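The structure is shown first, and the description follows.

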Amino acid sequence: MKNSNRSPYTLLSGLLFCFFYTWSSAFSLISLWLSQKIGLRGADTGLLFSAIALTALCAQPLYGFIQDKLGLRKNLLWAIGFLLLLSGPFFIFIFAPLLQANILAGALAGGLYVGATFFAGIGALESYTERVSRILGFEFGKARMWGSLGWAAATFFSGMLFNINPNLNFWMGSCSALIFLLLLWGLREVKTDALSQLEYGKPGNLHLSDAIDLFRQPRFWALIVFVTGVSVYNVYDQQFPVYFASLFPDVRNGNEMYGFLNSFQVFLEAGGMFLAPFVVNKIGAKNGLLLSGLIMALRVFGSGLAADAVTISCMKLLHAVELPILLIAMFKYITTRFDPRLSATLYLVGFQFITQVCASVFSPLAGKGYDVIGFADTYMILGTLVLSLTLISAFLLTGDKSRTPCSMDFKKGENV
């Protein structure tokens, strides 16, 4: 990386660190907070996660197209930063009272805020960072690694703070968001005229019809099939802390141990983000996606078979291998199989949006399954879904030597 590129890389890494720190502080133990402090059952928690998913799936296509049109301008990131700043007051003074007064009202408010801020916001920030990395010549994974470190740093303390007072985690999130805004203000080195370095044409020339045209492409729907399978990781993670804590004689000890485990997992994930580009470049984007799906299936099946805290902890740690490969392979796949100007739209619609669509369907079903047949049997069903769609995707996804005609034209330097 050239010296002139270090400042944008450093600031973007800091933005990712603070975003994930805020997200983790507010959300990593949300299922424990809802279960132990608010008193929600599994089905009620599933309803909340469904509302979050529905909001995110409405916001993600909008965020994606807006960011593609903005190019390297930071308007959308400013809006997301101010939403992050409100995390502490929202969870303490709005969300909790609403849930205690009326589950549906609380689920609606929580879904609107969390979905728009975190689940849609992260896609906009990651796609912005990926675009800058292509312009300035650094690996996206090396910047995204700092996001994992931010999550790990927050979760290391979250279990202990939760046992003292859960509100401390929410206030820590708002403090991190303030730093996010300061770093965003300092991100001045990347100018909009740097877009001329992209060989894909000007984002300002994009039209809504360009995004809509994606839905006419068979390879886009092939990607959707794969994403439907791997979207299960969101559903699996939602109430996992409840199951994990239940394996301990003292639930308070389980809460604290989960915080340590999650922190360790995300520290490993950060290392995975650093190494994943080398793996994906070696085996190709398609094989990288398939490998992440197989690891995910193993993780979910293994959790269903685990009978003690040690075994299920090992299954949880597989996330540190699976997620980095998935994210790096996903960006490399969408920027080589589709029009790279639409990278944010493709990431937020083809990956994040579809993930939330599936979560909105699967979350209530999984929550009901946890209540009726238990966590272990529900995990076996989810694992079967992941494995089946991953195997189907092996035949549907486009090979690494294939490109869309328009991508080939851009590579030749044609104007758009």
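## A pair of packed helices

Helices α15 and α16 are roughly antiparallel to each other (a label for angles over 145 degrees), with α15 spanning residues 285-305 and α16 spanning residues 309-317, an angle of about 165° between them and their axes 9 Å apart. The crossing of α15 past α16 is left-handed. On the α15 side the contact (heavy atoms within 4.5 Å) involves Leu 298, Arg 299, Gly 302 and Ser 303, and on the α16 side Ile 312, Met 315 and Lys 316.

The model is predicted, and local features need pLDDT of at least 70, side-chain atom pairs count only at pLDDT 80 or more, while totals for chains, interfaces and linings use all residues. Residues are numbered from 1 along each chain as its sequence is written, and side-chain values use heavy atoms, with hydrogens and water left out.

An α-helix has 3.6 residues a turn, so residues three or four places apart point the same way.

## A buried glutamate

Glu 126 belongs to helix α7, residues 121-136, and is buried, with a relative accessible area of 2%. When neighbours within four places in sequence are left aside, Glu 126 is in contact with Leu 16, Phe 20, Phe 140, Arg 144, Leu 327, Phe 331, Tyr 347 and Gln 352.

Conventions:
Axes fitted to C-alpha atoms, helices over the stretch in contact; angles between N-to-C directions. Helix = DSSP H or I, 4+ residues; strand = E, 2+ residues; numbered from the N terminus. Parallel < 35°, antiparallel > 145°, perpendicular 65-115°, else oblique. Left-handed = near helix turned anticlockwise from the far one by under 90°. Buried < 20%, exposed > 50% of the residue type's maximum accessible area, 1.4 Å probe, protein only.
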